[in-house]
Amino acid sequence: MSDLLANLNPEQLLAVTLPPQHALVLAGAGSGKTRVLTTRIAWLIQTGQVSPQGILAVTFTNKASREMLARLSTMLPAGLGHNARSIWMGTFHGLCNRLLRTHHREAGLPQLFQILDSADQLAAIKRMLKTLNVDDEKFPPRDLQHFINAQKEAGHRPHAVDVWDDYTRRRVELYTEYEAQCQRESVVDFAELLLRSYELLERNEPLRRHYQQRFRHILVDEFQDTNRLQYRWLKLLADEGRDGGAWLFCVGDDDQSIYRFRGAEVGNMRDFEREFKVSNVIRLEQNYRSWGNILDAANAIIRHNTDRLGKSLWTERGSGEPLRVFEAFNDGDEARWVVEEIQSLVRDGMSRADIALLYRSNAQSRVLEHQLFSSGIPYRVYGGLRFFERQEIKHALAYLRLIANPDDDTAFARVVNFPTRGIGARSLEVLQDAARTWQGSLYASVPHLAGKPGTVLGQFVRLIEDMRRDTRELPLPELVDHVLDASGLRAHYKSDKEGQERLENLDELINAAANFVAEMGADGEALAQPHALLADFLAHASLEAGEHQADAGTEAVQLMTVHSAKGLEFDAVFLTGLEEGLFPHENSILERDGLEEERRLMYVAVTRARERLYLSFAQSRMLHGQVRYNLRSRFLEEIPEGLTKWLSVPSARGRGAGFGGYFEPSRSPRVAAAPSPAQPSRDLGGLRVGQQVKHARFGQGVIVAAEGGGADARVQVNFGSAGLKWLLLAVAKLEAC
DNA sequence: AATCCTGAGCTTTTT
DNA sequence: GCTCAGGATT
């Protein structure tokens, strides 16, 4: 016990040992948040205040959940009946899945319902639009998907949607139809997992009471990332502190809320504080990660945001080095500089894996990758396809889904002709019609067909039925193995000269199945029913997309967006592309509170660095096929001068003073990397970035960016109160002044 | 059924 | 400028 609490700082100790009450912990970056959460769970259990079964722990990613479980297992001595695994721990979606499987009847679902990931959902929507002959130009599938998810996250079934125009009325009809289709096919999308289980708990009082009494303590990680529905879900179980509900222990950081675009609602933190009458918010402000200068910069930046709960990071470590700033001539030049610095860091003994290259948007990785590649530096890019999202894996899963649930039309449509077996668009159209007439799934409608479609489709149905029969007794990994052969997927990729990697991935799927069974190990009962276990495995595949791209060697520099860097830390961080329009991103400037979210993103980026932070920007950069001239980011200006050291001489004082001179950095001999391209010659009619201009209607302004050339030449002008405008030089009469 | 071609989109991402 | 999806072409 004393072991458990040793080395906690006073605030951490306070949070860990807080008596039963609703609590909000504001945990700054690098303040030991996960440690507090896991230690609190261990403390609650070890002091006998609650049994593991009485704890519900919610995380945002499966990765976080696994890490927490692993740390907890080392904290709880086994054998005392304190099995960390009997804690209900997982993501909101994982927990909802568990709830819905257990009470599928009450929730109105078959036991073997399948889960659609976003891509599956989009495919389902496209299929629906096609069936209904809806013009997908008028109702773009992506928009509709977004609309439906937004409604579900607001807790609205179709009848509850506010209809304010004909367009929305039609969208609501499509929402209704989509729901019907999902129900028919026994599939559930991500938002549905949440809404269904929310409704289940809300409407079924005995069930709600049961869980309210079972869970004494609910602990929520990354609380600033919860959406409205998730918060309501928590409220249902906590019952706002009235008798019977659980105590909520929410940990989060409003300054690191960067997912508003996907529904996260920072306001939940304030609401929680108010609605649950949280009396003392605990702040974890001592940082164990970074040098003081880095924290000072982060604090200075985030101070520009209003509407914060308020927090300031500090450290017992010293100030460390100044932040290094580099102004590049263009994006390629920036990449060359990054590579040189990396080489120098590695020469000095830093591990490449401890170096991260961060950028605002994925498109920026290309130039960096190119430069790393030609310099022979191993690197690893995060993002892109994950294991269970790969084409070959999706195909294999589709066969498995058909075995578990033949009514899954999404899976049916995906593989009915893959590998190709002569089932073309015509046959499928005939089948679609039949399905509509008979009000059944595609699979179930096949027997109603005659002629050639009936024959080829009949063969496919028989194939699936044979698979189901032949795998009934097989352990999961062998089941998967069998399906890979029987479906013809293996043969197909074997004959494909570029199918080698895909074949390896298919084998990896067997491993994934084996690992899954091993994880489930303790649960003996599930093993008795291979096809029930299969459904669990499929849910696992949907809920956990798996690791990002395979690693390109272990000792590799890490490239990722700032978003994906959240929660990670590195000895050295390169924060590239610090330019207006890029970071903060131009789209965010128009959004309400968009700039504040960008600033939080900047805050997240800066606090990733332990030892050394590099900040860079380029005077010009290729974007959307055109050279763009950007100002350096306002966020750079928000860092106090004393904390930075310029490696290049600033092009001019202040921002927007034009394309100043380009200087070789005075330090380390810089290879005269490919003769720098000549200064851009742009016909801006004697105008340049930074110049004051006058416009007949908007008045005085300053040119902040320029793009295009000749007849297309455009400039962006900041007219102050009149706003930021893009103006075509050929049209707008701008007067230099 | 495979391959070529055109055009739209282009910030961030987990579940 | 690059990628991806879907349509048109062979």
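This report describes a predicted model of chain A with DNA strands B and C.

**Basis**

Residues are numbered from 1 along each chain as its sequence is written, and chains are lettered from A, with ligands numbered from 1, in the order in which they are written. Because the model is predicted, local features need pLDDT of at least 70 and side-chain atom pairs count only at pLDDT 80 or more, while totals for chains, interfaces and linings use all residues; side-chain values use heavy atoms, with hydrogens and water left out.

**Overall make-up**

Chain A contains 29 helices and 21 strands. These are DSSP runs numbered from the N terminus, with helices being H or I of at least four residues and strands E of at least two. Of the 737 residues in chain A, 54% are buried. Buried stands for under 20% relative accessible area, exposed for over 50%, and partly exposed for values in between, with a 1.4 Å probe and protein chains only. Among the contacts in chain A with a separation of 6 or more, 75% are between residues 24 or more positions apart. A contact here is a pair with heavy atoms within 4.5 Å.

**Nonpolar cores**

A nonpolar core is a set of buried Ala, Val, Leu, Ile, Met, Phe, Trp, Tyr and Cys residues joined through side-chain atoms within 4.5 Å. The largest such core has 51 residues, and the members that touch the most others are Phe412, Phe460, Leu476 and Leu509. Leu476, with its neighbours within four places in sequence set aside, is in contact with Ala513, Phe516, Val517, Leu533, Leu534 and Phe537.

**Strand β9**

Strand β9 covers residues 323-330; eight of its eight residues are buried, so the strand is largely enclosed by the rest of the structure. Strands pair if DSSP finds at least two bridges between them. With β16 (residues 644-646), β9 pairs in the parallel sense over three bridges, and Leu323 has Thr644 as its bridge partner in β16. β9 also runs parallel to β14 (residues 609-623), to which six bridges join it. In that pairing, Asn330 is bridged to Ser620 of β14.

**Backbone features in loops**

The bond joining Phe418 and Pro419 is cis, with omega about -5°, and Pro419 is placed in the loop between α17 (409-415) and α18 (425-438). The bond from Phe583 to Pro584 is also cis, with omega near 10°; Pro584 belongs to the loop between β13 (570-575) and α27 (586-590).

Positive phi is found in Asn133, near 55°, a residue other than glycine. Asn133 is in the loop between α6 (118-131) and α7 (141-153) and is exposed, at 68% relative accessibility. His624, again not a glycine, has a positive phi of about 50°. His624 sits in the loop between β14 and β15 (626-629), and its relative accessible area of 75% makes it exposed.

A residue is near a strand if one of its heavy atoms lies within 4 Å of it. Around DNA strand C are Lys126, Arg366, Met622, His624 and Gly625. Of the atoms of DNA strand C that come within 4 Å of the protein, sugar and phosphate account for 47%. The nearby surface divides into one nonpolar, two polar and two charged residues.

DNA strand B has 28 residues around it, of which Ser118, Arg360, Asn362, Thr561 and Glu591 come nearest. Sugar and phosphate make up 56% of the atoms of DNA strand B that come within 4 Å of the protein. The residues of this surface are five nonpolar, 18 polar and five charged. In these divisions Ala, Val, Leu, Ile, Met, Phe, Trp, Tyr, Cys and Pro count as nonpolar, Asp, Glu, Lys and Arg as charged, and the others, Gly among them, as polar.

| Protein atom | DNA atom | Distance |
|---|---|---|
| Lys126, polar side-chain atom | DNA strand C, phosphate oxygen | 2.8 Å |
| Asn62, polar backbone atom | DNA strand B, phosphate oxygen | 2.9 Å |
| Thr91, side-chain N or O atom | DNA strand B, sugar or linking oxygen | 3.3 Å |
| Glu591, polar side-chain atom | DNA strand B, base oxygen | 2.7 Å |

The elements giving two or more residues to the surface near DNA strand B are α26 (562-565) and α27.

Technical notes
A polar contact is a pair of N or O atoms within 3.5 Å; within protein, one must be able to donate a hydrogen and the other to accept it, and residues adjacent in sequence count only if both atoms are side-chain atoms.
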